[in-house]
Amino acid sequence: MRDQGIGCCRLQVYGSVVPLVFPSGDRADMEKKRGKAKWRKVGGELRALRTGANLRQKDVAPHAGVVPAQVSAWENGIRGMSAAQALALDRALDANGRLVRVYENAETPENLPKWYEQVPEIEQRVSELREYQCQLVPGLIQTDAYARAAIRDALPWASDAEVKQMVTSRTGRRSLLAKDGSPLVTIVVEEFVLSRAIGGESIQAAQLDRVLELAERGKIRFQVVPTDVRNHYGTAGPFRIYTFPDRPALASAEYTAGEVLIDDLDTVQKCMTIFGFLQAEALPMAASVELVRKVRKGIDD
């Protein structure tokens with residue numbers, strides 16, 4: 001047993017913090033999806049090169065020793081190809097190594113950290129999601145511009161391509177709120193979050209509009225912890241709690257290098273307790289929404 005001083009409380013972690021938390025079948029599904037993302041990248045490049053050369057699938061198939069249906073499967077990201085096949089196709093299309101480079105890059109680890117991929121996968125399974133944030137508007141409800149500015153500030157060394165990829169991954173999580181029967185989502189933030197102009201006042205204003213829209217549509221429950229409360233239960237940092245209809249709850253905690261997923265039941269229960277304390281200190285939802293509206297109006301004044 002050891003203390004892990006991150007997340008929702010001083011976490012008592014038994015063993016190691018699990019890097020992936022679903023059974024082996026679910027883990028295999030996630031890996032398969034990551035594999036398909038790589039195949040789609042290579043397949044899209046193959047299609048672009050082939051059509052640019054005015055060739056049909058049956059024209060290039062013999063060069064890789066396959067039938068046209070296999071080329072179609074590659075281009076649609078259904079199957080992967082070998083390095084030798086990528087090289088043969090590159091030569092057949094006179095691509096000057098372009099397809100090979102895309103293939104090699106696709107076979108290396110993704111620019112996105114693994115935890116960046118895990119969070120959306122987990123969120124799609126939840127029946128209830130609770131999140132506390134003391135620094136930013138939570139990623140699940142960020143606008144594109146707010147997400148881009150926040151990522152650039154947090155990762156100043158990231159390339160434009162990496163930032164774009166992370167923004168796409170983060171904003172893609174919105175589908176959780178768009179689907180029928182979306183889970184119950186409760187968000188608690190510190191009052192400071194509302195006035196912190198990430199990316200500038202215009203971006204912050206649009207972000208607050210987004211919060212108001214989601215709250216008024218009933219897509220989220222949104223509460224604000226005033227700055228003048230006596231007890232500050234969230235000083236250990238941001239965290240989430242994931243509740244599922246068919247398996248034990250999980251928690252995740254953010255830290256400088258990313259995020260960790262936690263399945264120790266005692267630790268998860270402590271996170272739930274802290275979240276309850278935060279809600280008790282926070283303004284009721286109606287008052288919280290009114291405060292968001294007041295801060296938003298102040299940007300225009």
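Arginine 217 pairs up with glutamate 213 in a salt bridge, their closest N and O atoms 2.4 Å apart. Salt bridge here means a side-chain nitrogen of Lys or Arg within 4 Å of a carboxyl oxygen of Asp or Glu. This is a predicted model, where local features need pLDDT of at least 70 and side-chain atom pairs count only at pLDDT 80 or more, while totals for chains, interfaces and linings use all residues. Residues are numbered from 1 along each chain as its sequence is written, and side-chain values use heavy atoms, with hydrogens and water left out.

The structure has 18 salt bridges, including these:

| Pair | N to O distance |
|---|---|
| arginine 98 and glutamate 45 | 2.4 Å |
| arginine 217 and glutamate 213 | 2.4 Å |
| aspartate 246 and arginine 247 | 3.4 Å |

Helices are DSSP runs of H or I, at least four residues, numbered from the N terminus. Glutamate 45 is buried at 14% relative accessible area, whereas arginine 98 is partly exposed at 42%. Buried is under 20%, exposed is over 50%, and partly exposed is in between (1.4 Å probe, protein chains only). Aspartate 246 is exposed, at 59%. There's also a salt-bridge network linking Arg47, Arg50 and Glu75.

Now for helix α4 (residues 83–92): its buried residues are Ala86, Leu89 and Asp90. They cover an arc of only 105° around the axis, which puts them on the same side of α4. The arc is taken from the directions from the helix axis to the C-beta atoms. Exposed Ala84 and Arg91 are on the face turned away from that buried side.

Conventions. Helix = DSSP H or I, 4+ residues; strand = E, 2+ residues; numbered from the N terminus.
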